[in-house]
Amino acid sequence: MRVENQQLKAFLLSFKFLTKKQLEQAEKRAKEVGKRLEDILVTEKMVETKDLIYLKAYILGIPFINLEKEKIPPEILKIIPEPIAREHNIVAFRREGKNLEVAMLDPEDLQTIEFIKKKANLKILPRLTTPESIKTALLQYEESLETEFGKIIKGEAEEIKAVKEAPEGKPKAELEKAAEELPIIKIVDTLVKHAILERASDIHIEPEEKELLVRYRIDGILHDAMILPLRIHSGVVARIKILSNLKLDEHRLPQDGRFKVETADYKISFRVSVLPTFFGEKVVMRLLPETSRALSLEEIGLRGEALERIHFSIKRPTGLILVTGPTGCGKTTTLYSIMDILNTPQVNISTVEDPVEYTMPRINQTQVNPHIGLTFASGLRALVRQDPDIVMVGEIRDNETASLAINAALTGHLVLSTLHTNSAAGAIPRLLDMKVEAFLIASTLKVVVAQRLVRKLCPNFEEYSLSEDEIRNLSKKYDMEKILNVFKREKIIKGNQNWQDLRFGKPKDTQSCPEGYKGRLGIFETLEVSETIKELINKEKSSDEIQKQAEKENMITMLEDGLIKAAQRITSVEEILRVIREE
């Protein structure tokens, strides 16, 4: 299983990865330094590693697998011992009967394949993957949370007993000592490590009457992760406060801080919030991966005409673009995706955010600090004196910020911001409530994007069709005929098909994919401010009237966009209804 140079060159040219001249230069360089052609292509960034691996998999006829978001069952993973997996970059990830699928970087490593075949007494099916996939899979050799805590709590029982709960008046020195106790450090490190491994977005540490509950938010849903003895609560909180540079002896007021975790495999910033509750201080930590790249608008779930409307609006030099929705629905991610498209050497992009969640190269990001008077309004006022072309305001919260954002859009800037409203049409009455003049909204607002996040189905879902009873029940709440017409317009179904002809996906709970979901994407509605909608804004019409006019102009609602994604079996009908019902 070897890719010859001639084959590689032919396919590189055929797939237009390189020109003939570039390939000749790379070959010449490979001969000069005595390296393989593919090594030169990667080190000199002529071809991306992932693209080269895709190509090799295609040439060899070996399937390509991406394990970056896969949870591998421990019993499968451990078929290949960890030292061999690390040394040879090979990981077992799926077994069916006597067949064992293994992901690897080097398909020429026949010796390792033969060794695993003999050791496991299974037929080995090699799959090509990327170094990032192998790295992610190797992290999963870590022990389960329960096993690791079992060892910490049993092995260090006497030390943990020494860490007693600290009452409010406890001296700072004693709290510091508690925070530096070995088992406490291990407990906090283990909670953080497993949250990263589980792809959690938040860690909740909640004191209750008799125990300490730890929960992880994964794909938008909170899951119980661990129940710990209440006696270690003060030590755990003190340890997190030390990491976040917070006041150890302050137990009555909320506190906010940050810390960072860096290893060879990941770099993650933790945003910490400590809040006094009836049974003690509750801690919530938001995980913000610093190495993650900005997603494209297509990757976050935008499609079709909605995508075109956004691209058209962001190409304009001036105006206001709003993204709306409740907290945690991905508004900031959408804004970062838009800024990533706009981020060219020809423009100056400046932001004022609370907090700065991801740092972006060439963008001037400012974090608000109300304690010293740096609010969204004062930050925005300063930004417009910084010669920006594009301004991003994390959120429009008050009248002053709304007026400044509108004025910035009027005076030759493209302004991006967010609002907390349930629908795209609801953004307009919200701005009117903030005392912004209707004619100013009509002349500056270009597009409003409303969104929610839904969980994505795992590949092993069950297919089914909606029953007559289900369609009848849905019809009581939603206009199923109108949605069907949208499906026809979007070419999801043919003209003579109906609901019974559609196939949907139902989540299937498996060990590698609990609850049948993994990852999330957005469902959207994109309201473009047309001439007719401008007239409605000027007349200060209600959001319902604006919504009706937008739908007449072919705006796809969030429900319709969600059901289109359910019909494409990207997500499920139940998931769409769960998210839409939350409104």
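In which sense do strands S11 and S13 pair, and over how many bridges? Strand S11, residues 349-353, runs parallel to S13, and the two pair over four bridges. The model described here is a predicted one.

S13, which spans residues 390-393, is covered on both faces. Ile390 and Met392 are buried on one side, and Val391 and Val393 are buried on the other.

## Nonpolar cores

In soluble globular proteins, nonpolar side chains tend to be buried together. The largest nonpolar core in this model has 71 residues. Leu322, Phe487, Trp499, Phe504 and Leu527 are the residues with the most contacts inside this core. Leaving out residues up to four places away in sequence, leucine 527 touches Ala424, Ala425, Lys446, Val447, Val448, Ile533, Ile546, Ala550 and Met555. Another core, of 34 residues, lies apart from the largest one; Tyr216, Leu228, Phe259 and Met285 are among its members.

## Cavities

Rolling a probe the size of a water molecule over the atoms shows where empty space is left. The model has three cavities of 30 Å³ or more. The largest cavity has a volume of about 130 Å³.

Which residues lie nearest the centre of the largest cavity? Of the 15 residues that line it, these are Arg303, Glu305, Ala306, Thr526 and Ile556. Helix H14 (304-314), strand S18 (517-528) and helix H24 (558-567) each supply at least two lining residues. H14 gives the largest share of the lining, four residues.

Leucine 41 is found in helix H3, residues 37-43. Is leucine 41 buried or exposed? Its relative accessible area is 0%, under the 20% limit, so leucine 41 counts as buried. Beyond residues up to four places away in sequence, leucine 41 touches Leu12, Leu18, Ala26, Met46, Val47 and Leu52. Leucine 18 is 23 residues from leucine 41 in sequence, and their C-alpha atoms are 9.8 Å apart.

Threonine 130 sits in the loop between strand S3 (123-128) and helix H8 (131-139). With a relative accessible area of 1%, threonine 130 is buried. Apart from neighbours within four places in sequence, the residues in contact with threonine 130 are Lys50, Ile53, Phe64, Glu68 and Leu105.

## Helix H13

Helix H13 covers residues 233-243, and nine of its 11 residues are buried. The buried residues of H13 are His233, Ser234, Gly235, Val236, Val237, Ala238, Arg239, Ile240 and Lys241. After H13 comes asparagine 245, with a positive phi near 60 degrees.

## Backbone geometry in loops

Where is a cis peptide bond found? Such a bond joins aspartate 354 and proline 355, with omega about -5 degrees. Proline 355 belongs to the loop between S11 and strand S12 (363-367).

Lysine 435 has a positive phi, near 65 degrees, although the residue is not glycine. Its place is in the loop between helix H18 (427-433) and helix H19 (438-444). The relative accessible area of lysine 435 is 65%, over the 50% limit, so this residue counts as exposed. Asparagine 554, also not a glycine, has a positive phi of about 70 degrees. The loop that holds asparagine 554 lies between helix H23 (543-552) and H24. At 32% relative accessibility, asparagine 554 is partly exposed.

How values were computed
Residues are numbered from 1 along each chain as its sequence is written. This is a predicted model: local features need pLDDT of at least 70, side-chain atom pairs count only at pLDDT 80 or more; totals for chains, interfaces and linings use all residues. Side-chain values use heavy atoms; hydrogens and water are left out. Buried means under 20% relative accessible area, exposed over 50%, partly exposed in between (1.4 Å probe, protein chains only). Two strands pair if DSSP finds at least two bridges between them. A nonpolar core is a set of buried Ala, Val, Leu, Ile, Met, Phe, Trp, Tyr and Cys residues joined through side-chain atoms within 4.5 Å. Contact means heavy atoms within 4.5 Å. On a 1 Å grid over the protein atoms alone, a cavity is a set of points where a 1.4 Å probe fits but cannot get out, and a pocket is an open set with protein on both sides within 12 Å along at least five of seven lines; lining residues have an atom within 4 Å of a point. Grid points are joined across faces, edges and corners, and a volume is the space filled by probe spheres set on the points.
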